Amino acid sequence: MQVYEQVENYMKLIGLKYIKNANDFVAGLAYRTDRAYAKEMAEELNSRAEGAPHDNTGFYELKNRTLDGSLYVSAAFDGGVFRHIGNIIMDEKELFCGDVLDLCCDCGIVTCFMAQTYPETNFVGVDINESAVNNARELAKRLGITNAEFICADVYEMELNKRFALVTSFRSLLDAAEAQTKGLNFIGYRPEREETYKKAFAPFALAVDKHLDEDGSVLSVERYTAEYGWLGWMQALEEKGIYAQEKGGLMRAQDLSSVKEYSVTFAKRGEKTDSLEVFNSLLSKDFKSGTGYDGGMAEFALYYDSVGEIEFCDVLKNGRMIHQFAFAENEKGKGIYYDASNNDRKIKYFNMKKEEKMRKDFEDKLALYDTEIYEIKRYKK
């Protein structure tokens with residue numbers, strides 16, 4: 001991907017500077033707002049990081065208490081991905097030849113960048129949070145942008161009575177579909193698991209469908225990746241006749257605490273494709289058979305590289321999947337051993353002479369689960 005100076009200039013203009021560590025974040029936020037707000041935000045973020053129950057609506061109200069505060073929080077946690085999104089927007093000029101709808105736009109960072117980059121195109125940003133929408137309007141005013149408007153509305157209920165050439169969503173689906181995805185399994189037999197995500201994303205796909213031109217396009221950059229949910233998102237769009245295209249792929253971006261992975265999806269109304277084939281095509285570009293993998297690529301290897309039946313063993317507690325093992329074989333005769341929990345996924349390739357060793361490792365791990373507490377399911381697919 002080409003890196004554009006225009007993107008970096010915009011980020012500097014609105015104050016999205018790289019932030020090195022948590023101490024710099026708190027000090028910088030206090031400088032731009034006040035100490036009380038910085039302390040409140042730090043406590044909220046620490047609580048979320050420790051896994052405490054959280055309220056996304058309340059968080060975005062807090063984040064958008066002021067525009068400067070919202071921009072600074074975005075700089076810390078989303079500055080990296082916003083830069084990547086900006087470069088994609090610059091690369092995809094042909095998509096911006098008609099009106100654009102930006103779903104869940106928050107404080108308007110990306111919407112305003114698109115509007116500034118393509119001044120002949122009209123943009124509409126929508127968010128359910130009134131404070132975020134007011135901040136987006138203020139940001140547009142600061143930048144002198146006149147070709148973007150912002151509407152406070154629930155994307156699931158809005159009726160704009162207008163269709164758009166392009167509908168975008170940038171790192172918004174995780175928050176927008178939080179209620180629908182709560183409690184869904186992260187691991188499990190992929191076709192069944194992704195079907196649950198497809199159903200969870202169906203209302204968001206419907207919102208896209210209702211506002212997309214007959215030959216319109218979709219561009220989304222989301223935190224649902226190959227580990228879970230991305231295929232389900234493609235399938236949800238496919239059900240509405242909006243088909244994923246063989247471009248885009250996985251994207252990695254740095255934030256304050258870590259490097260995060262995102263899925264980049266391009267989709268088009270009417271240009272029929274099969275979502276699973278597109279998913280396989282996009283991931284296979286970076287895949288090498290016989291290589292051990294962690295994360296989403298481990299699961300991809302299991303399904304993409306195996307021939308014949310896959311032997312599964314699932315460990316469940318109270319009906320919820322907590323561990324999955326699998327054995328398979330690829331076309332070159334190598335064995336495949338898959339070991340996945342909610343925190344980690346790994347795949348190992350092995351010479352069939354070492355199958356006994358791999359089986360022992362599996363049985364030793366399985367023996368740690370008391371069958372009086374855990375349900376063990378073995379099956380082949």
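Predicted model: local features only at pLDDT ≥ 70, side-chain atom pairs only at ≥ 80, totals over all residues.
**Burial, helix packing and sheet order**

Biologist: In which helix does Tyr 72 lie, and with which residues is it in contact beyond four places in sequence?

Modeller: Tyr 72 is part of helix H5, where helices (H or I, at least four residues) and strands (E, at least two) are DSSP runs numbered from the N terminus. Gly 15 is 57 residues away from Tyr 72 in sequence but 7.1 Å away in space, C-alpha to C-alpha. Contact means heavy atoms within 4.5 Å, and beyond four places in sequence Tyr 72 in helix H5 is in contact with Ile 19, Asp 24, Phe 25, Gly 28, Leu 29 and Arg 32.

Biologist: How do H1 and H5 run relative to each other, roughly parallel or roughly antiparallel?

Modeller: The contact brings Gln 6, Val 7, Glu 8, Met 11 and Ile 14 of H1 against Leu 71, Phe 82, Arg 83, Gly 86, Asn 87 and Met 90 of H5. Helix H1 (residues 5-14) and helix H5 (residues 67-91) come within 9 Å and cross at roughly 155°, with axes fitted to C-alpha atoms, for helices over the stretch in contact, and angles from 0 to 180 degrees between N-to-C directions. Angles under 35 degrees count as roughly parallel, over 145 as roughly antiparallel, 65 to 115 as roughly perpendicular and the rest as oblique. H1 and H5 are therefore roughly antiparallel.

Biologist: At what angle do H3 and H4 pack?

Modeller: From H3, the residues Tyr 37, Glu 40, Met 41, Glu 44, Leu 45 and Arg 48 meet Asn 56, Phe 59, Leu 62 and Lys 63 of H4. The axes of helix H3 (residues 35-49) and helix H4 (residues 56-63) are 11 Å apart, and the packing angle is about 150°.

Biologist: Which strands stand at the edges of the seven-strand sheet?

Modeller: The sheet is open and mixed in its pairing, with the order S3-S2-S1-S4-S5-S7-S6, and two strands pair if DSSP finds at least two bridges between them. From one strand to the next the twist averages 15°. S2 (residues 123-127) and S3 run parallel and are joined by five bridges, one of which pairs Val 126 with Ile 151 in S3.

Biologist: Which strands does helix H11 touch?

Modeller: Helix H7 (residues 130-143) lies across S2 and S3, at about 165° to S3. Helix H11 (residues 230-239) also packs on the sheet, its direction making about 150° with that of S6, and the strands touched are S5 (212-222), S6 and S7 (259-269).

Biologist: How far is Tyr 337 from Ile 128, C-alpha to C-alpha?

Modeller: Tyr 337 belongs to strand S11 (residues 335-341) and is buried, at 3% relative accessibility. Along the chain Tyr 337 and Ile 128 are 209 residues apart, and their C-alpha atoms are separated by 45 Å.

Definitions and conventions. Residues numbered from 1 in each chain as written. Heavy atoms only, no water. Buried < 20%, exposed > 50% of the residue type's maximum accessible area, 1.4 Å probe, protein only.
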